[in-house]
Amino acid sequence: MIPRITQLRKQSTETIPSISAERAQLVTEVYQNPEYAGLSMPVKRAITFRHILNNKNICINPGELIVGERGPAPQACPTYPEICLHSIDDLDILRSRKKVPFDSDVKTHKIYTEQIIPFWEGKTVRDEMFRQLPDAWKEAYSAGVFTEFMEQRPPGHTVLDDKIYHKGMLDFIDEINSALQQYKQTGDQQKVEQLKGMKIAANAIIEFANRHADALEELAGSENDAARKMELQKMAQICRKVPANKPESFWEALQYYWFIHVGVITEVNPWDSFNPGRLDQHLLPFYQKDIAEGRLTKERAKELLQSFWVKFNNHPAPPKIGVTAKESNTYTDFALINLGGVKSDGSDAVNEMTYLLLDVIEEMRLLQPSSMVQVSKKNPDQYIRRFIEIIKTGYGQPSVFNTDAIIQEMLRVGKSIEDARNGGASGCVETGAFGKEAYILTGYFNIPKVLEITLNNGIDPRTGKMTGIETGNPMDFKSFDELMLAFEKQMNHFLGIKINGNNIIDRIYAKMLPVPFLSILISDCIQNGKDYHDGGARYNSSYIQGVGMGSISDELAALKYHVFEHKTISMQGMLVALKNDFMDYEEFRQKLLNETPKYGNDDDYADDLTRAVFEIYYKAIDGKPTERGGYHRVNLLPTTCHVYFGSVTGAMPDGRKAWTPLSEGISPAQGADRKGPTAVIKSAAKIDHVRTGGTLLNQKFTPSFLEDENGKTAVLHLIRSYFRLDGHHIQFNVVKAETLRKAQKEPGKYRDLIVRVAGYSDYFINLTDELQEEIILRTEQMNGSN
Amino acid sequence: MKAQNQELRTTKTRFDSAQRAYIQEINLKQVNKSATIFNIQRFSVHDGPGIRTTVFFKGCPLACWWCHNPEGRSSENEVINGNTIGTIVTVDELMQEILADRVFYEESGGGVTFSGGEPLAQASFVKAMLMKCKENNIHTAVDTSGYVSKASLRQVLPFTDLFLFDLKILDPVKHLKYTDVSNTEILDNLEYLFANNATVRIRIPVIPGITFTAENLDQIAAYLRKFEPHPEVNLLPFHRIGESKYNRYNIKYKMPVQKEPNHEEILKMSSGFRREGIPVKIGG
């Protein structure tokens, strides 16, 4: 790595994150200004955006080649008080929590106490949500049946396509103007206001780039190093050109995207930040042209990319409030670069830029941006072998996705073949038509919890409250089918509550928080004169993420096998054992753990129940309309929520003790799979992935397994086989349990140990103790079996 | 039986009519339909090409000092610490387990490996399995000590795509000392396989001071040179297993404690093969 990049990387990874009140102050200024009080919301939001960009500190870091920071400096994270408001307590917790602390100074606290909190209290989107959501929703939410994504961050969850590489903001303004003209004629005032907002936002980002150009010119003026002086002048020129105009060189393309990225994450704090998507496809033409014309070398391109990579890492996820500030220390913001896959004509998309980006990923070893590889049957084995070399290093990236399944998933829900081929997966594993779709994660859903409530006839045993509906005393069930029917009713009940809540929240965001800037970028918001939050995009999906597929399969298998078929125990006996958390039932618990069919072993007894649960979940969600004019869809991923959900779920019939983590994604419950990876893959493939918007499967290997050519080749073939069975995604953790134990004891020495958590990677030492234990357990288990 | 014949008629097979006739003959005879095994290992990547399912048959005529699988020695089921070692399986049961991973065999060019113990000690069952596999177009490998009757070899030969043939020590006296049997019959069987154009991969366990000596490896290299084309040689690194496993089976663990050779040492010691133009690989 060249010294300049080493330096930038060091700055990015060693700076302690902090909270900046800069954005909060600027937003408050606009909302307090009586001049703006009567404006329509889209225009007001655009003016807010402009006010932030016109007044925020311009930061240019020494040696960097790509400029633009969301906060006043790297790792200085703004807040979004119009969405959710940090209290002074929150700031204190964030400052003093052991893991991933966000520092904040006396000045920030003072600003918060005197200006931000007094103004925003009771006025935030979050406040409005909790005012409008019904009691049943709140009850289920606090019981831990589901979580809510939008209580602290707006929808987001989208990715850019190639449009910015063909159009400058001035071109977008032309499009906005013609739409404006059209809707002015039809007298559609709401659309006119929306488009006015977009236009203000487009101009604001151009001005923001110009402010950088000014700053760069000034720096160039006082720069003594001749080479850097020239570089600064060149960068100033680039900032004058993009994003106003379309980019014409590799460097311009990167800088253009970066301004867009900063714009999107400044406007609001959208989920998954933002993401350039199919970067190898977008950059290739610029790279080839620059190389051919002698303007660029491969080495220089790599340097620019590395500088670009650091920019992502400079931007941690905005810190949370309340309980989540204490409990969630996710620092990564889920920008997931896509590589490989197919082109819009369906041909193999792997190219020289794919390999160059893999080199960058391998060398940078940064938490952000995260990276994934799309694998189509059309992609060469050589490509797979290349990224296995990176996976092998135990860094948890890239994760591996099945392009051909993703395309089928999109075609099933009516997206065009070109849009499907140009799409991919983002966040953790979510399928989307890049640049054309709002595909929003709305919350995780605790499937095992619903069984627990079913087994208690609607009561949540943790609180003793009637949380669900009465579906019958389980001791009266004559057959397993009766139990399944009761479970299905209970599932429908809770999913109905969740979907209703989603629709309420959907409207709140559409009204209170339009995003005119993001709306410029996602087709067809301009043409529709509609906001991204209001169904302006070409496609609109809302996902509910099911958690605990492995656990629920094993729980149902245990009930079917032991209570109904083999009568090892009566239903009453089982319920008593669960109530006592298996105290005095250890022998029976061992039977549940060791002598019961389990998901993950390619055993249809358990896997058929996985399929049955999937059908119940799917039927309750898929196709249910959203208020934005889109549809609800399912996906199966946990991020880290299986730990939280486990912590609110008592002992269960699979032998799992109370309050311990559930299974994650569609992986088997911890220790349940005993027949090796091919059996796990066979079980996982029995779920119909094509009817989801993403699933997550974790596989673990010891480093020694991947040392050897046979091992690496076998992993290649595992991937190909799983994908032939329409598997959506697979990720590999390659690390020794021993190393993780050492990192627990001496975290200081293992600061840069990155592990795969679930759909994303994180620094091991930043994970909660529980999550660390869980990852060690997974790892140890695999060491034993390999 | 009826179902099987049905399957025979409808399944596309890759092998010739002579083999087909033979299969029908065997099916009619209703040969051994069950066997004793002690493990089925899916996702094996060191027992032949690709991703494989390895079936470990119970019972072995040899008693190698370094044996990893002492549980595979006795041909009977045993109860050790309350756990039964060994299961009786039928052809159909075993076939179902093997077919479960078909997609992986197809993607990786893998298949099934019959290992042990000595699989050919239960040759008629293995033959029935091999034929079923060939009916299903699954690549077959037999991992053998070579210490088996010629008749057993002859039975499985037409249905075995690859023999993984253990060749431990060339010196007959030492062979007897360290494995309990002479190698005369083993070498004879190996020559029989070559004479019948079988595809053979030679597997040599790397046991320091016993198999892993310059003398033994050079002798093996010189011996293999005469076969054309030269078979591939796999040197299988040895990992000492705890004596506890032996104690459980009431077998004396005779292996002296020795340093495990590293990759470079194995490379150096195996130069004789390369000199003779014999392809050699570390690992299976």
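User: Contact means heavy atoms within 4.5 Å. What share of the contacts in chain A with a separation of 6 or more comes from residues 24 or more positions apart?

Analyst: Residues 24 or more positions apart supply 76% of them. In chain B, the corresponding share is 71%.

User: What kind of model is this, and how are residues numbered?

Analyst: This is a predicted model, where local features need pLDDT of at least 70, side-chain atom pairs count only at pLDDT 80 or more, and totals for chains, interfaces and linings use all residues. Residues are numbered from 1 along each chain as its sequence is written, chains are lettered from A and ligands numbered from 1 in the order in which they are written, and side-chain values use heavy atoms, without hydrogens and water.

User: How many helices and strands are there in chain A?

Analyst: Chain A has 32 helices and 16 strands. Both are DSSP runs numbered from the N terminus: helices are H or I with at least four residues, strands are E with at least two.

User: Why is chain A called as compact as a globular protein of its length?

Analyst: Its radius of gyration, taken over C-alpha atoms, is set against the globule rule, 2.2 Å times the number of residues to the power 0.38. For 786 residues the rule gives 28 Å, and chain A comes to 26 Å. The two values are close, so chain A is as compact as a globular protein of that length. Along the principal axes, its C-alpha atoms fill a box of roughly 85 × 60 × 50 Å.

User: What makes both faces of strand β5 of chain A covered?

Analyst: In β5(A), residues 399-402, S399(A) and F401(A) are buried on one side. V400(A) and N402(A) are buried on the other.

User: Which strands pair with β5(A)?

Analyst: Strand β4(A), residues 370-375, runs parallel to β5(A) and is joined to it by four bridges. There V373(A) stands opposite V400(A). Strand β14(A), residues 729-734, pairs with β5(A) in the antiparallel sense over two bridges. In β14(A), I730(A) stands opposite V400(A).

User: How many disulfides does the structure hold?

Analyst: Over all chains, zero. A disulfide here is a pair of cysteine sulfur atoms within 2.5 Å. For C77(A), the nearest cysteine sulfur is that of C84(A), 11 Å away, so C77(A) is in no disulfide. C428(A) is in none either: the nearest cysteine sulfur, that of C641(A), is 11 Å away.

Notes:
Buried < 20%, exposed > 50% of the residue type's maximum accessible area, 1.4 Å probe, protein only. Pairing = 2+ DSSP bridges.
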